[in-house]
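Hello,

Here is the structure for you to look over. My notes on what turned up follow below it.

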Amino acid sequence: MCEDDMPPLLPINYDDSDDEDDDDDDLGIEAEVADGDVVDVGSNSGGSVSGTAYRTPLPLRRHAAANQIAAGQPTPLGDVRWQSFKLSYGGPKPDGEIPTWMTDEHTVHFRDPREIVKNMLANTDFKDEIDYAPLHEFDTGSRSRRLRNFMGGDWVWRQAVSGALLRDHIMLTTICVQDAIQQLPDTKDSSFVPIILGSDKTTVSVATGQNDYYPLYASIGNVHNNVRRAHRNAVVVIAFLAIPKRMTRPEVTRCGDRHFRKVVYRVGPYIADYPEQALVASIVQGWCPGCTASSKCLDEDASAVSRTREVVDRLTVLCDLGPLWNEYGIVGDVVPFTNDFPRADIHELLSPDILHQLVKGTFKDHLVLWVEHYLRRQYNEGRATEIMAEIDCRIAVAPPFSQLRHFHEGRGFKRWTGDDSKALMKVYLPAIDGLLPTDVVKIFRYFLEFCYLVRRDMHDEKTVGQVGESLRMFRHYREIFRTSGVRTEGFSLPRQHSLEHYEDHIWDFAAPNALCSSITESKHIKAVKEPWRRSNRYQALDQMLLTNQRLDKLAAAHVDFAERGMLGGTCLESVQLQVEGERQHSRTADGLDKEFSIPNLRDHIRRFLFHQIHANSGISGANLSLDICPPFEDERIYVHYSASATYYAPSDPSGLGGMHQEFIRATPKWRHGAARYDCVLINKSNNAPSLLGLDVARVRLLFSFHYHGVAYPCAAVHWFWRTDDEPDKDTGMWVVEPAFIPGVGRSRRRMPLISVIHLDTIIRAAHLIGVSIGDPVPISLHSHQSLDHFKSFFVNKFVDHHAFELLHTVVAVPRADERS
């Protein structure tokens, strides 16, 4: 059923006068949260945080209407109030000294998860990016199945669907819930709503006592992955420490498209890093929460099967606590919380964690550290230190690139973050090429390809197969660390072993990039750290809860007002950045020729104009005579230092529509320092794959001019040539070198091959890293000099996920038995 009319607008008093009670408390908290109490935002009078020491912008500027929505007005929009209860140990206590955990009392703060989920379903902001039914998506051309959003995975299908109609390769689903769901009353024709949970400890201060918090986040599997990754109110903090565990029968609730649906809830994937996975799954540290492989041989236990709730329950009945712990890795006296939910198996629900399993775990904590150990075992201390210093130099001189961290001293810093590890992944492979054996280089190549493949926003049978092939090759070349003595004990490492389960996770949960702990860690900033900083530090948690509640109400009010058209018209203005030409440069082609060292710039512009006017001439630029080119005499030229490239890159952090923007620089002085001239990928329009269908060039000048009333945004570029028609066999990256033409006259000095191109032909920026095999990097070399120093370059396909999808080339690799 559908609402015929929108409900009436809420009465809001737009009184700009100051409230005399605003200074009662920093956040206007009038009641202490106690047993069973509800934090009532609607009754609080204050909204000021002016007394805080945290000098960051407030969630909203002080405005009477916003303050009334957040605190003064009893608006129901997004209003899910915080509640609390206390927990303490109630069992027998030993004589004598009693452990503190038996006497401690813990306060648990929570919000009704059912109301939170209903608010998400009713959010009109999601109405075009939500699936109310499980589905199978197919490519109309290849007819292969595509795995993109969570509701397209096999787990949801197994939970809720028993029948479907396949027509024209589009899966039209008829919900008919089965098994445990079917046993619930009135579930026929219900929409299935899987609830995604995630927990992660966070620290807001390391210097002022105990400031650790354990927030629990919730989302719903129905919203599309890009919505969850963008934190568009689809990930909400619902508890600190715990939530009450209870499922009810199906209920009718309003959805964002203004229709009412009968929905049934069920616990879905759980997002956590490995220590918390072991905790919630009640397994011993060092064991796999997803399978029964022995902790002594995780990757080599042929008898391992999936760890399920039924298997664990049976073993718990048959074995004592000692054998359960030592032989099966089960903490027998602790029951997983999911056992209190219908048909919930925590071992099946634990989601893949790209951040901690791949980036921080396998890459930073394992592989990078093993390289150092390998060098110290293979060489004397002096030579090993020399090679490590060379690796650091190569990392330090990597050319600058948009949103790429610059490691001024290589890997030499103590405190690593997830962003540091991700940035190092992008430049580490070229840095070790030629310094380490080929097998070690290929370990990193295939591991990085595995990481970038699983991070895709959409999968199909082909990409899942590539994931498995990359893992197989990674495991094959990884053996050099065992044979060299670095890992004589093998590779029984839970986070590295987790790679074995990624193929199954992709089929079950679809693209895993929206089920990563990086989502909950990013949410810490808005839900925990910033509210803590805005508090007055006294009983900070109560103030943090109130801040979260108010922010949720403001977000809900914003969506509601936008839906009603209240934010249209002149309420919000569109602001566009206008980039004007740099005034300090010449306005003529001859002047710019000298300023930017671009010989014959006027001739290049004339050839460019010929191709713009005669697009179908079929004459290449190298063979084009100036006699047939249009004249270019007194036209004024405007120099620009940057150009923005916008493209579709849903696998990278991007906007909700998957659009990503980066800046291409061509400036003689970047940030008051050295010059910066970026490289770009240019479309060849030949439909060939990877770099066979693209050209690489370095931008020497960005400029614009008008010719016969037409505006031409242009770039003068120095071309690069591929050194081969396939990528480098060790790194899997393409290699290019600057293009030159023979000189004329006495000097015979080579001239750079330069052309003027239209900006429309540029796809995006390219990141080139110098190939320095055989030649050590000069200590005096700086990153801004790299593109002028090296003779050949790797085209870095690992600089981001969009570049990987453009440049990755799948090369058939024979299996080990075939190679032998």
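**Strands, helices and rings**

Strand 17 and strand 18 (residues 676-677) pair in the antiparallel sense over two bridges. Strands here are DSSP runs of E with at least two residues, helices are runs of H or I with at least four, and both are numbered from the N terminus. Two strands pair if DSSP finds at least two bridges between them. Ala 666 has Tyr 677 of strand 18 as its bridge partner. Strand 17 (residues 659-667) also pairs with strand 16 (residues 642-648), antiparallel, over seven bridges. There, Ser 642 stands opposite Arg 665 of strand 17.

A word on the source. This is a predicted model, in which local features need pLDDT of at least 70, side-chain atom pairs count only at pLDDT 80 or more, and totals for chains, interfaces and linings use all residues. Residues are numbered from 1 along each chain as its sequence is written, and side-chain values use heavy atoms, with hydrogens and water left out.

Confidence next. pLDDT is the predictor's confidence in each residue, from 0 to 100. The protein chain averages 80, and 80% of the residues score at least 70. Residues 1-63 stay under 50.

At its start, a side-chain oxygen of Asp 460 comes within 3.0 Å of the backbone nitrogen of Lys 462. After helix 15 comes Gly 485, with a positive phi near 95°.

His 366 sits in helix 11 (residues 354-378). His 366 counts as buried because its relative accessibility is 8% (buried is under 20%, exposed over 50%, partly exposed in between; 1.4 Å probe, protein chains only). Its C-alpha is 8.5 Å from that of Gln 496, 130 residues away along the chain. The two side chains make a polar contact at 2.9 Å (N or O atoms within 3.5 Å; within protein, one able to donate a hydrogen and the other to accept it, and residues adjacent in sequence count only if both atoms are side-chain atoms).

Finally, the rings. The structure holds 27 aromatic pairs (Phe, Tyr and six-membered Trp rings with centres within 6.5 Å; planes under 30 degrees apart are stacked, over 60 edge-to-face, the rest tilted). Trp 155 and Phe 192 are tilted, because their planes lie at 40°, with centres 6.2 Å apart. Both residues are buried.

Best wishes

Key:
Contact = heavy atoms within 4.5 Å.
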